[in-house]
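Keep the structure open while you read.

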Amino acid sequence: MSNPFNSGTIVGNAAREPKIFEHANGGATVKLNVYARNTFKNKNTGKVESEIVELTGYVQDAKNLGVFGCIGAGDRVAVSYSLKTDNYTDKDGVKHFPLVARIDTVQLIDSKAESAARAARRENSADNAATNSSEEVPF
């Protein structure tokens, strides 16, 4: 269990499928972006907004991603994390010490029916995108 003074839980929707970065040792680093809803309204718009929080995890076997392999865009997740300070030196020799939210546990919290419906919508939108590939992008 992580230090209670250096940890937290985010419940929100995955912004997209997790990004997987495989390592030579067979493991992988996982980047998961989650929309975390604010508890206040924007003064200008009057709407409750969300923040995108990037969380970093690690799996021992890149071929077996566990729960990360089941997460898709829009899936509701609960992520417990702890804060860690990474360090690295960039190509110019400058040292950096970014604060990183390291994933301790991830849970899918949608029901099976909700997850199946979302997966079907993703599949349909992918099929529609393939058939309409000659159309211009609307943005």
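The side chain of Asp104 makes a polar contact with the side chain of Ser82, at 3.4 Å. A polar contact here is a pair of N or O atoms within 3.5 Å; within protein, one must be able to donate a hydrogen and the other to accept it, and residues adjacent in sequence count only if both atoms are side-chain atoms. Along the sequence Asp104 and Ser82 are 22 residues apart, yet their C-alpha atoms sit 6.9 Å from each other in space. You'll find Asp104 in strand E8, residues 99-108. Strands (E, at least two residues) and helices (H or I, at least four) are DSSP runs, numbered from the N terminus. Asp104 counts as partly exposed because its relative accessibility is 38%; the cut-offs are under 20% relative accessible area for buried, over 50% for exposed and partly exposed in between, with a 1.4 Å probe and protein chains only.

A word on what you're looking at: this is a predicted model, where local features need pLDDT of at least 70 and side-chain atom pairs count only at pLDDT 80 or more, while totals for chains, interfaces and linings use all residues. Residues are numbered from 1 along each chain as its sequence is written, and side-chain values use heavy atoms, with hydrogens and water left out.

The pLDDT is the predictor's confidence in each residue, from 0 to 100. Across the chain it averages 85, and 86% of the residues score at least 70. Confidence is highest in strand E7 (residues 95-96), at a mean of 96, and lowest in helix H1 (residues 112-131), at 73.

Contact means heavy atoms within 4.5 Å. Among contacts with a separation of 6 or more, 56% join residues 24 or more positions apart.

Now for the inside. In soluble globular proteins, nonpolar side chains tend to be buried together. A nonpolar core is a set of buried Ala, Val, Leu, Ile, Met, Phe, Trp, Tyr and Cys residues joined through side-chain atoms within 4.5 Å. The largest one in this model has 18 residues, and those with the most contacts inside it are Leu32, Val34, Leu55, Phe68, Ile71, Val79 and Ile103. Two or more of its residues come from each of strands E1 (7-14), E3 (28-41), E4 (48-59), E5 (76-85) and E8. E3 gives the largest share, five residues. Leaving aside neighbours within four places in sequence, Ile103 is in contact with Leu32, Leu55, Thr56, Gly57, Phe68, Val79, Ser80 and Tyr81.

Ser80, one of those partners of Ile103, is in strand E5. Is Ser80 buried or exposed? Ser80 counts as buried, because its relative accessibility is 19%. Its side chain makes a polar contact with the side chain of Thr105, at 2.4 Å. Over in strand E3 is Asn38, which counts as buried at 15% relative accessibility. The side chain of Asn38 makes a polar contact with that of Glu51, at 3.3 Å, and Asn38 also touches Val48, Glu49 and Ser50.

Side chains of opposite charge can pair when their charged atoms come close. The structure holds two salt bridges, each a side-chain nitrogen of Lys or Arg within 4 Å of a carboxyl oxygen of Asp or Glu:

| Pair | N to O distance |
|---|---|
| Lys31 and Glu54 | 3.9 Å |
| Asp86 and Arg102 | 2.4 Å |

Asp86 lies in the loop between E5 and strand E6 (88-89) and Arg102 in strand E8, so this pair ties together parts 16 residues apart in sequence. Asp86 is partly exposed at 26% relative accessibility, and Arg102 is partly exposed at 29%. In the Lys31 and Glu54 salt bridge, the partners sit in strands E3 and E4, 23 residues apart. Lys31 is partly exposed at 26% relative accessibility, as is Glu54 at 45%.
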